[in-house]
Amino acid sequence: MSNVYSAGNMFQGCSSIKNIQFINFHPTECGSIFQGCNSLNSVSQFDTFNVTDFLWCFGECRNLTTIPQLNT
């Protein structure tokens, strides 16, 4: 996923995803990336240094217990 820059809406509404582990992921936009992922409970660390949009990034993720440290 090293060539993905706009990750907005990427997993939006994917209700069966429980965890995400990113490798070599450096997006610049993450708006609504996980919005509505109701089963999601953890997201691994990923490079957020250049991200400019986090709007609704984790919106409606009711089971999310672990999020990565966001370097903004």
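Aromatic pairs, to start. A search of the whole structure, which is a predicted model, turns up seven of them.

Take Phe 22 and Phe 25. Their rings pair up, and the pair is stacked. Centre to centre, that is 4.2 Å. The planes sit 15 degrees apart, and under 30 degrees counts as stacked. Both residues are out of the solvent. Phe 22 is buried, at 7% relative accessible area. Phe 25 is buried as well, at 2%.

Now the partner on another side of the story, Phe 34. What is the geometry of the rings of Phe 22 and Phe 34? Their centres are 6.3 Å apart, and the planes make 45 degrees. The cut-offs are under 30 degrees for stacked and over 60 for edge-to-face, so this pair is tilted.

Where do these two rings sit in the chain? Phe 22 is in the loop between β1, residues 19–20, and β2, residues 42–43. Phe 34 is in the loop between β1 and β2 too. The two parts are twelve residues apart in sequence, so the pair ties them together. Phe 34 is buried, with a relative accessible area of 0%.

Phe 11, Phe 22, Phe 25, Phe 34, Phe 46 and Phe 58 make up one aromatic cluster.

Next, the cysteines. How many disulfides are there? The count is zero. A disulfide is a covalent bond between the sulfur atoms of two cysteines. Look at Cys 14. Its closest cysteine sulfur belongs to Cys 37, and the distance is 5.3 Å. The cut-off is 2.5 Å, so that is too far for a bond. From the other end, Cys 37 is in no disulfide, and its nearest cysteine sulfur is that of Cys 14.

Are these two cysteines buried or exposed? Cys 14 is partly exposed, at 28% relative accessibility. Cys 37 is buried, at 1%.

Last stop, the start of the chain. Asn 3 lies in the segment before β1. Asn 3 counts as exposed, because its relative accessibility is 65% and the threshold is over 50%. Which residue do we compare with Asn 3 here? His 26, which is 23 residues away along the chain. The C-alpha atoms of Asn 3 and His 26 are separated by 8.1 Å.

To recap: one cluster of six named phenylalanines, zero disulfides, and an exposed Asn 3.

Definitions and conventions
Residues numbered from 1 in each chain as written. Predicted model: local features only at pLDDT ≥ 70, side-chain atom pairs only at ≥ 80, totals over all residues. Heavy atoms only, no water. Phe/Tyr/Trp six-rings, centres within 6.5 Å; stacked < 30°, edge-to-face > 60°. Buried < 20%, exposed > 50% of the residue type's maximum accessible area, 1.4 Å probe, protein only. Helix = DSSP H or I, 4+ residues; strand = E, 2+ residues; numbered from the N terminus.
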